[in-house]
Each structure stands twice: as structure tokens, then as C-alpha cells.
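This report describes a single protein chain for a reader who is new to structural analysis. Please look over the sequence and the model before reading on.

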Amino acid sequence: MTTSDHAAVSRTNRRTAGAGAVHAVTEPMLRFFFVIGEFVTILFRGLTPGRWRRTMRTEWMNFLFQVGVRAIPAVAVTAALVGIGLVLQIAYWSSVAGQAERIGEFLVLVLVRQVAPIVTALVLIGRSGSVLVDEIGQLSTDGYISTLRSQGVDPVDFVTLPRCWAMSLAALLLTILFTHVALWIGFAGAAAGDLVKESPLELVVGVFANMQPADHLLFIVKPLLIGYVLAYIPIRIGLGLKPERGSVRRALPRAFVASLLATFAIGVLVSAVF
């Protein structure tokens, strides 16, 4: 091989290496933007008038019952423990520090803005996230999703959209439940221990009186957005599974970690905005 041939091969190898490097950088970026675009598209499709057919409404109600109503005992018990461990402690130390009049302000900052939405989301991840991956993964690997497409049914309308919106509403309602249970249990314990002078009702009313408009908006937006993402991530991972042995089992930890990271990321971003 001549010197010119060696130079031509070297140039070809450099071009190939450069193309591979560009592909390695651009492919994750394109995948990321595709996921964001799909996420926003599904979100707005749910807001389109006349989009919700009877089958979609049925799926929405069934899934809302599964992730919302059936999660009430788990959320209530968790909220009671948080009420004893957090609300009661804040009431106690505020009284010791002579800041009893600021209990409501402290609880808005800690419980309403941060703890209630995040802990509720963690309950939903542990209780419904893995189940959702398993359900959608089985539908995908068993060919049910392909059958829907062959019949002209969009899986986004029949599978993704109802579950995302049901999880979003469930997260909001369960966050409200969590907040009330934690406050009432914590203040009842504080009143029973003579740590506060006011009644639990007066203390609960005082907490919500300390909420600013931004706090009310955050209290609505954060659970809705987190709940929507907690359904979207497992569904998308489940729909992308191939009919291979053990594919659903391998997807469970990936969906759990992704949901956990998304929960904390959304919590930080929404809190920074509001």
C-alpha cells in the first residue's frame, strides 16, 4: 500500500470517528427533545374539547380509583406519622423558642410547600409506579398494543392519556388529604400535651391563613405536574419494552429511579418558580 493510500485510509478513519462522536452526542439530545415534545403533546391532547370518548373516560375512572381511592389508607397512615414526627415537633420547638405565633408560617414553608407533595409522590411511586410498569409492559410484550394500532386505536388515547390525567388528579387530592391529616394529628397531639394554647381547629385555620397566593398556586401545580410525570414515565418505559424474557422485570428499577429523580427535580423547579 502506498503512502497516498495510507493517507486516504487515515482520513476515512478520522471522518468515521468524527461521525461516531457526533452521533453519540446528538442521539441523546434528540431523544430528550422527542420525549419532551411527546410529553407536552399528550398534555395538550387531554385539554382538547371532545377528545375524551366514553372508553377513555372509563379508563380514567378505573385508574383513578386504583391509584387514588385505594391509596387513601397508605397516604393517611404516612401523613399521621409525619404529623407526629414533624408537626408536633415544630409546635413544640416553636413554643420553646418563644415563636409559637409563627407555627403556621413554619408549617407552610416545610409541610405545605415541600413535604406533603413529595411524600405523597413517594407513596404513589412505591404503590402504583411498579404496578403501572408491569401492566403496560405486559400489554406491550403480549402484543395488545400492536393489536390496538392495527385496529386504528391510538394507544396514547386509550392507554397513556387517561392514566396520566388520573394520576395527576389523584396526586393533587391525596396531597390535600395528606396535609389535613398531618396537621390535625400533629396539632391534636400538641394540644393533648399542652404544647399549644389554641385548639387544633384554630391552628389548622392559622396555617392556611399564612399561605400566600404563590403558596396556593404551588400547592396545586406541584402535585398535578408530579402526578402526571409519575404516570408518563412508567407508561413510556412499558410501551418501549420488547417481547423478551425478563424485560418487564429489568424495567422496574429503571422506572423507579427515573420517577424518583423526576419527583425531586420537579419539586425543586416548581419551588424555585413559586
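In which helix is the place of Ala 231? Ala 231 belongs to helix α8, where helices (H or I, at least four residues) and strands (E, at least two) are DSSP runs, numbered from the N terminus. This is a predicted model, in which local features need pLDDT of at least 70 and side-chain atom pairs count only at pLDDT 80 or more, while totals for chains, interfaces and linings use all residues. Residues are numbered from 1 along each chain as its sequence is written, and side-chain values use heavy atoms, with hydrogens and water left out.

**The chain and the confidence of the model**

The chain contains nine helices and zero strands. Of its 274 residues, 40% count as buried; buried means under 20% relative accessible area, exposed over 50%, and partly exposed in between (1.4 Å probe, protein chains only). Among the contacts with a separation of 6 or more, 84% join residues 24 or more positions apart, a contact being heavy atoms within 4.5 Å.

The predictor's confidence in each residue is given as pLDDT, from 0 to 100. Its mean over the chain is 82, and 86% of the residues reach 70 or more. Where pLDDT is low, the predicted coordinates should not be read in detail.

**Ala 231 and its surroundings**

Ala 231 is buried because its relative accessible area is 0%, under the limit of 20%. Leaving aside neighbours within four places in sequence, Ala 231 is in contact with Leu 132, Arg 163, Cys 164 and Met 167. The C-alpha atoms of Ala 231 and Gly 129 are separated by 7.2 Å, although these residues are 102 residues apart along the chain.

| Residue | Relative accessible area | Class |
|---|---|---|
| Ala 231 | 0% | buried |
| Thr 160 | 3% | buried |
| Trp 165 | 22% | partly exposed |
| Ala 74 | 33% | partly exposed |

Thr 160 is found in helix α6. Apart from residues up to four places away in sequence, Thr 160 touches Ile 42, Pro 155, Ile 235 and Leu 239. Ala 74 lies in helix α3, and its C-alpha is 9.9 Å from that of Phe 178, a residue 104 places away in sequence.

**An aromatic pair**

A pair of aromatic rings is described by the distance of the centres and the angle of the planes. Rings of Phe, Tyr and Trp (its six-membered ring) pair if their centres lie within 6.5 Å; planes under 30 degrees apart count as stacked, over 60 as edge-to-face and the rest as tilted. By this rule the count comes to one aromatic pair. The partners are Trp 165 and Tyr 228, with 6.2 Å from centre to centre and 90° between the planes, an edge-to-face arrangement. The pair links distant parts of the chain, since Trp 165 is in helix α6 and Tyr 228 in helix α8 (residues 213-239), 63 residues apart. Tyr 228 counts as buried, at 3% relative accessibility.

The expected span of a helix is 1.5 Å times one less than its number of residues. Helix α3 (residues 72-96) has 25 residues and should therefore span 36 Å; its end C-alpha atoms are 34 Å apart, which agrees. A kink of about 35° in α3 is centred on Gly 83, the bend at a residue being the angle between axes fitted to the seven residues ending there and the seven starting there. The buried residues of α3 pack against α4 (103-141) and α6 (155-192). Just after α3, Gly 98 takes a positive phi of about 75°.

Helix α9 has 27 residues and reaches 38 Å from its first C-alpha to its last, close to the expected 39 Å. Its buried residues, which include Ala 255 and Ile 266, pack against α4 and α8.

**The nonpolar core**

A nonpolar core is a set of buried Ala, Val, Leu, Ile, Met, Phe, Trp, Tyr and Cys residues joined through side-chain atoms within 4.5 Å. In the largest such core, of 71 residues, Leu 107, Leu 111, Phe 178, Leu 183 and Phe 187 touch the most other members. Helix α6 gives the most to this core, with 16 residues. Phe 187 touches, among others, Val 87, Leu 107 and Leu 203, not counting residues up to four places away in sequence.
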